[in-house]
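Thanks, everyone. I have one structure to go through today, and I will keep to a few local features.

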Amino acid sequence: MSILVTGGAGFIGSNFVLDWLGACDEPVINLDKLTYAGNLENLASLHGDSRHLFVHGDIGDFAQVARLLAEHQPRAVINFAAESHVDRSIHGPGEFIATNIVGSFQLLEAVRAYWGALAEPAKAAFRLLHVSTDEVYGSLGKDDAAFTEQHRVEPNSPYSASKAASDHLVRAYHHTYGLPVLTTNCSNNYGPYHFPEKLIPLLIVNCLAGKPLPVYGDGQQVRDWLYVKDHCSAIRRVLAAGRVGETYNVGGWNEKTNLEIVDTVCALLDELQPRADGVPYRAQITYVTDRPGHDRRYAIDAHKLERELGWRPAETFETGIRKTVAWYLANQPWVANVLSGGYREWLAKQYGETA
Ligand code: NAD
Ligand code: TYD
C-alpha cells in the first residue's frame with residue numbers, strides 16, 4: 001500500500017510527508033513541480049529513505065499522473081499542489097488558473113480513470129483528499145458567525161476563486177462519477193518550512209535582518225491560525241475516517257488581528273534573540289498600502305470535524321508560535337538558502353538552466 005501526495009515539497013505538503021513517515025511505514029510517492037514554493041531541502045531528512053519517492057512533475061500532466069498511478073497503485077491521493085499566495089495571484093492570476101483549476105481537473109481525470117479500473121475491494125477503499133482553504137468562503141464581518149461547511153462560497157481573490165473552482169470540480173466528480181473524494185477547508189497555517197513571503201515567516205525573517213515589518217492597511221484584518229502539524233493530523237484523520245463526498249472545515253480556534261500577530265512575533269524575538277541595540281523589534285513595523293480586495297476576517301467553525309471524527313488541535317496559538325519562532329532561529333541555514341535562492345540549485349543541477 002502507498003499514498004500519492006501532490007505538492008509535497010511545499011510548506012504543508014512537506015510537513016505532511018515528514019509527519020506521515022514519522023508515524024508509519026506506508027510509502028509516499030511525492031509529485032511536485034518544484035515551483036519557487038517547492039523546496040526539497042524540507043525533505044532532506046528523508047534522503048536515502050526508500051519509503052519516500054520524489055517525482056518531479058505537474059499535476060496538470062495527465063499522462064505522467066496516469067503512469068504514476070498505474071505503476072504504484074496508491075490507495076489514496078492527497079492533493080496539496082497549488083499556487084497559494086494571494087498577493088502573487090493579484091499580480092499574475094494565470095498560474096493560479098493553470099494549476100489550481102486546470103491542473104486539478106487533469107489530476108481528477110487521471111484519478112477517475114485509475115479508480116474506475118480498480119477491482120474491489122481496492123475501489124471502495126480508495127480516496128482522493130483535496131486540500132483547500134477557508135478563503136473560498138469570502139470575508140466575514142466583525143460579529144458574523146464563523147464559517148461552517150454550509151457557508152456560501154464567495155471567493156474574493158484570484159487565489160481563492162481558483163481554489164473554489166477546484167473544490168467545485170472535486171464535488172462534481174463525486175456526484176457525477178461517484179469518485180470517493182474528501183475535501184478539507186483549512187484556516188491560515190504557520191510553522192516550520194513556511195516560505196517567507198507569507199506573514200509569519202516574513203516577520204521573523206525581516207525582524208532578524210533589520211528590515212521593515214510591512215503591515216497592510218490598518219493591520220486589523222483577522223485570520224484564524226492553525227499550527228501546520230495540527231492541519232496534518234486533521235488530514236490524516238479525515239483520510240482515515242471522513243465520510244466520502246463530505247467537506248470538513250479545519251481550524252485552530254485562534255482568531256488574531258495581523259497587528260496581534262506582529263506584536264507576538266516581535267515579543268518572542270525580543271525574548272529569544274533580542275536586537276543588539278536593545279531596541280524592541282516593534283520599532284521595525286511599517287504601515288504599507290493595503291492589499292487590493294483584502295478580506296477583512298476569516299474564522300473557521302471546526303465543530304463538524306470534532307463531532308464526527310473527534311479531532312482537536314494539539315497546539316494553542318501560544319505554544320505553536322513559540323515553536324515556530326524557535327524553529328526559525330534554529331534553522332537559519334534553511335532561511336539563508338531560501339533567501340539566496342540556493343534551494344533552487346538542485347533544479348538547475350538536475351534539469352539544466354531552463355528548468
Ligand atoms: P506552497 O505554495 O507552500 O506549496 C505548494 C507546492 O505545490 C509547492 O511545493 C509547489 O512546487 C507545488 N506545485 C505547484 N504547482 C504544482 C503543479 N502544477 N504540479 C505539482 N506541484 C505543484 O503551499 P502550502 O501553503 O503548502 O499549501 C498547500 C495546499 O494547502 C494548497 O492547496 C493551499 O491552497 C492549501 N492551504 C494552504 C493554507 C496555508 O495557510 N498555507 C491554508 C489552507 C489551505
Ligand atoms: P498571508 O500570510 O499572505 O495569508 P492570507 O492572505 O492567505 O491570509 O497574509 C496573512 C495576513 O497578513 C493577510 O491579512 C495579509 C497580511 N499581510 C501583511 O499585513 N503584511 C505582509 O507583508 C503580508 C505577507 C501579509
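First, a definition for the surface part: a patch is built from residues with over 30% relative accessible area and no salt bridge, joining like charges within 9 Å and nonpolar side chains (Val, Leu, Ile, Met, Phe, Trp, Tyr) within 5 Å. A salt bridge here is a side-chain nitrogen of Lys or Arg within 4 Å of a carboxyl oxygen of Asp or Glu. Areas come from the Shrake-Rupley method with a 1.4 Å probe, and for residues only the protein chains shown count as cover.

Two notes on conventions. This is a predicted model, in which local features need pLDDT of at least 70 and side-chain atom pairs count only at pLDDT 80 or more, while totals for chains, interfaces and linings use all residues. Residues are numbered from 1 along each chain as its sequence is written, chains are lettered from A and ligands numbered from 1 in the order in which they are written, and side-chain values use heavy atoms, with hydrogens and water left out.

Now the patch. Ile 97, Val 102 and Phe 105 make a nonpolar surface patch of about 230 Å². Val 102 sits in helix α4, residues 94-116; helices (H or I, at least four residues) and strands (E, at least two) are DSSP runs, numbered from the N terminus. Val 102 is partly exposed because its relative accessibility is 41%, where buried means under 20%, exposed over 50%, and partly exposed in between (1.4 Å probe, protein chains only).

Pro 121 lies in the loop between α4 and α5 (122-125).

Gln 73 is at about 50 degrees, in the loop between α2 (62-72) and β4 (76-79). Tyr 193 is at about 65 degrees, in the loop between β7 and α7 (199-209). Buried or partly exposed: which is Gln 73? Gln 73 is partly exposed at 44%, whereas Tyr 193 is buried at 18%.

Last, the cysteines. A disulfide is a pair of cysteine sulfur atoms within 2.5 Å, and the count is 0. Cys 207 is buried, at 2%. For Cys 24, the closest cysteine sulfur is in Cys 232, at 13 Å, again too far, and Cys 24 is partly exposed at 25%.
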